[in-house]
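Biologist: Could you walk me through this fold slowly, as if I were new to reading structures?

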Amino acid sequence: MIYESAVVVHPEHQEKGVANVEKIFQEVTASFEGEIAFQEDWGLRSFPQERQKGLEKGRFLYFLFSASPEANTELNRRLKISEETVNYMVISKGKEENLE
């Protein structure tokens, strides 16, 4: 399956958080025989409304990757427990032949 994901990293953990999120994606996709097709750092952006505890900004990352449904489950689990992650979303885009 092809998935796309957007992850928001806490602004206080920008560099370390970005590195950890990238590592999570690399480890999970590799362990479930997937691959990251595209990744992009959208930088520090403001939220339209204040988030938890007055948080106004976050570092946004985007990933397009192929992996099994089990990888998606593991990715969701690891992002949920990550201290650097403020929010995330993973969306299924379809079958692998559509990756190009």
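Modeller: What follows is a short talk about the sheet, the helices and a few single residues.

Modeller: This is a predicted model, in which local features need pLDDT of at least 70 and side-chain atom pairs count only at pLDDT 80 or more, while totals for chains, interfaces and linings use all residues. Residues are numbered from 1 along each chain as its sequence is written, and side-chain values use heavy atoms, with hydrogens and water left out.

Biologist: Okay, what order do the strands of the open sheet have?

Modeller: The open sheet has 4 strands in the order 2-3-1-4, with antiparallel pairing; helices (H or I, at least four residues) and strands (E, at least two) are DSSP runs numbered from the N terminus, and two strands pair if DSSP finds at least two bridges between them. Strand 2 (35–46) and strand 4 (85–94) are the edge strands, each pairing on one side only, and from one strand to the next the twist averages 15°.

Biologist: And how many bridges are there between strand 2 and strand 3?

Modeller: Strand 2 and strand 3, which is residues 57–66, pair in the antiparallel sense over 10 bridges. For example, Leu44 has Arg59 in strand 3 as its bridge partner.

Biologist: Which strands does helix 1 touch?

Modeller: Helix 1 (residues 14–31) packs on the sheet and touches strand 1 (2–9), strand 2, strand 3 and strand 4, where its direction makes about 15° with that of strand 3. Contact here means heavy atoms within 4.5 Å, and the angles run from 0 to 180 degrees between N-to-C directions, with axes being lines fitted to C-alpha atoms, for helices over the stretch in contact. Helix 2 (residues 69–81) also packs on the sheet, touching strand 1, strand 3 and strand 4, and its direction makes about 170° with that of strand 4.

Biologist: Staying with helix 1, which of its residues are buried?

Modeller: In helix 1 the buried residues are Gly17, Val18, Val21, Ile24, Phe25, Val28 and Thr29, where buried means under 20% relative accessible area, exposed over 50% and partly exposed in between, with a 1.4 Å probe and protein chains only. They cover an arc of only 125° around the axis, which puts them on the same side of helix 1; the arc is that of the directions from the helix axis to the C-beta atoms. An α-helix has 3.6 residues a turn, so residues three or four places apart point the same way. The face turned away from the buried side of helix 1 carries the exposed residues Glu15, Lys16, Ala30 and Ser31.

Biologist: What does Thr29 touch?

Modeller: Leaving aside neighbours within four places in sequence, Thr29 is in contact with Gly34, Glu35, Ile36, Phe65 and Ser66. Thr29 counts as buried because its relative accessibility is 4%. Its side chain reaches the backbone oxygen of Phe25 at 2.7 Å, and a polar atom of that side chain lies 3.3 Å from the backbone oxygen of Gln26.

Biologist: And Glu33, is that exposed or buried?

Modeller: Glu33 is exposed, with a relative accessible area of 77%, and its place is in the loop between helix 1 and strand 2. Its phi is near 55°, a positive value in a residue other than glycine.

Biologist: Switching to helix 2, which residues are buried there?

Modeller: Ala71, Asn72, Leu75 and Leu79 are buried in helix 2. Seen down the axis of helix 2, these buried residues fall within an arc of 100°, so they line one face of the helix. They pack against strand 1, helix 1, strand 3 and strand 4, whereas Thr73, Lys80 and Ile81 are exposed on the other side of helix 2.

Biologist: Why does Asn72 count as buried?

Modeller: Asn72 counts as buried because its relative accessibility is 17%. Not counting residues up to four places away in sequence, Asn72 touches Tyr3 and Val90.

Biologist: Last one: where is Ser68?

Modeller: Ser68 has its place in the loop between strand 3 and helix 2. Ser68 and Met1 are 67 residues apart in sequence, yet 5.9 Å apart in space, C-alpha to C-alpha. Not counting residues up to four places away in sequence, Ser68 touches Tyr3 and Phe32.

How values were computed
Polar contact = N/O pair within 3.5 Å; in protein donor to acceptor, adjacent residues only side chain to side chain.
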